[in-house]
Amino acid sequence: MSRPSRTRVLAHPRVRAALVAALLSSLAACSSSTPSDTSVTKVTPSPDDRPVTVTVTPAGAKARAGEPVRVTATGGRLTSVTVTDAKGHRLAGEVAADGRSWVSGRKAVPGTAYTVAAATRSAGGTAGSTRAGFTTAPADKVNKVDWRPGAGATVGIAQPISLVFDHPVKNRAEVEKQLRITTSNDTEGSWGWMRDWSGRDRVDWRPRTYWKPGTEITLKAELNGTDSGADGGWFVRDYTTAFTIGAGQIVEVDLDRHRLSLVRAGKTVRRIPVSGGTPGGDKRSWRGTAVLMAKEGTINMNSETVGLRDAYNKMVDHSMRLTWSGMYAHAAPWNAKYLGRSNQSSGCIGMSDADAAWFYAQVRPGDPFEITGKDTKGVVEPGNGFGAWNLSWAEWQQRSALR
């Protein structure tokens, strides 16, 4: 089959001119004659396509530390936020479910430059990004912490976690919120604030009852960026320690019977004759529960350091510290005739060289010494060593700044 032919027909010039004139006349007839018909209308973007406005706080070159970083979005939502310091360390946080805000989990720390990078999406779906930065003012004063027990230690069942601060802590609740304790068996416990024997502020964490042997404990003190309050300064680092509870043993000291008993797992291992503090004056011993603070070995004991003038100044073997005020358990061969018979020491719990050597090898820091006796100085206070066990559980809980 042959293809149909196509022929182009050209009109006469005069005919073409008439057609053009007719066409122009038709267009004019369809147009409005008002002046506004010739104006140009501007087309503005839809509100959904406008850029997202991002706000970051803190802001500026000398921003105050101690507050979380907050990023907010107006006219859209945040899809991601990254906050890093000059060393590349990230400040973690989360975008809210509605995408309008992001808050860091930790506080901005003093003397640090931060960079904020935020990815956004407009209501119309357009992706965008924003970068911002700020620098916090440096700390005018730094607060530091001394803590016990040390990392990796194995301690007795009465050992508290104890933090002593270089400077006053007025913002106790804010500090306590940053102290996190985890245990391998969900041990119940509480923080309690006190004045340490040194005069400094201190906070201890003790369980409701003695630790269960074998318990593993971790402390994370996430204090970096926390303000201590007036005269205290800023914390500029975090602290952590982990330790384990050893054998369940208790030292029972009966000053009226002049004997000491080592009880392990509920069974008496050995009884030792002792001599406690001389009755009727400043040389009396303390009673209540004292916790073995440290095994110090052979040390010089000078009575002038504990307010007893020139009562003694000698080298003492197998010394085990029980209080900051100077009460020890130790070898006291010079009191041999009084051991097991009467209390004739300057406040310490003395025993023979042989008994002291054996006993020293058996005990560890954190073991409780439960001391009873009629004529004593009184009960060991919480800040005089680790005397927290002399308070009831209800009394101890009241010492928390979060109660």
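**Exercise 1.** Is Trp 147 buried, partly exposed or exposed?

*Solution.* Keep in mind that this is a predicted model. Start with the value: Trp 147 has a relative accessible area of 27%. Now bring in the cut-offs: buried means under 20% and exposed means over 50%, with partly exposed in between. So Trp 147 counts as partly exposed.

**Exercise 2.** Work out how the rings of Trp 147 and Tyr 239 are arranged.

*Solution.* A pair of aromatic rings is described by the distance of the centres and the angle of the planes. For Trp 147 and Tyr 239, the centres are 5.3 Å apart and the planes sit at 65 degrees. Centres within 6.5 Å make a pair, and planes over 60 degrees apart make it edge-to-face, so that's what Trp 147 and Tyr 239 form. Finally, check Tyr 239 itself: at 7% relative accessible area, Tyr 239 is buried.

**Exercise 3.** Find out which parts of the chain Phe 165 and Phe 235 tie together.

*Solution.* First the geometry: Phe 165 and Phe 235 pair edge-to-face, with 5.9 Å from centre to centre and 70 degrees between the planes. Then the places: Phe 165 belongs to strand S11, while Phe 235 is in the loop between strand S15 and S16, so the pair joins parts 70 residues apart in sequence. Phe 165 is buried at 0%, and Phe 235 is buried at 0% too.

Key: Residues numbered from 1 in each chain as written. Predicted model: local features only at pLDDT ≥ 70, side-chain atom pairs only at ≥ 80, totals over all residues. Heavy atoms only, no water. Phe/Tyr/Trp six-rings, centres within 6.5 Å; stacked < 30°, edge-to-face > 60°. Buried < 20%, exposed > 50% of the residue type's maximum accessible area, 1.4 Å probe, protein only. Helix = DSSP H or I, 4+ residues; strand = E, 2+ residues; numbered from the N terminus.
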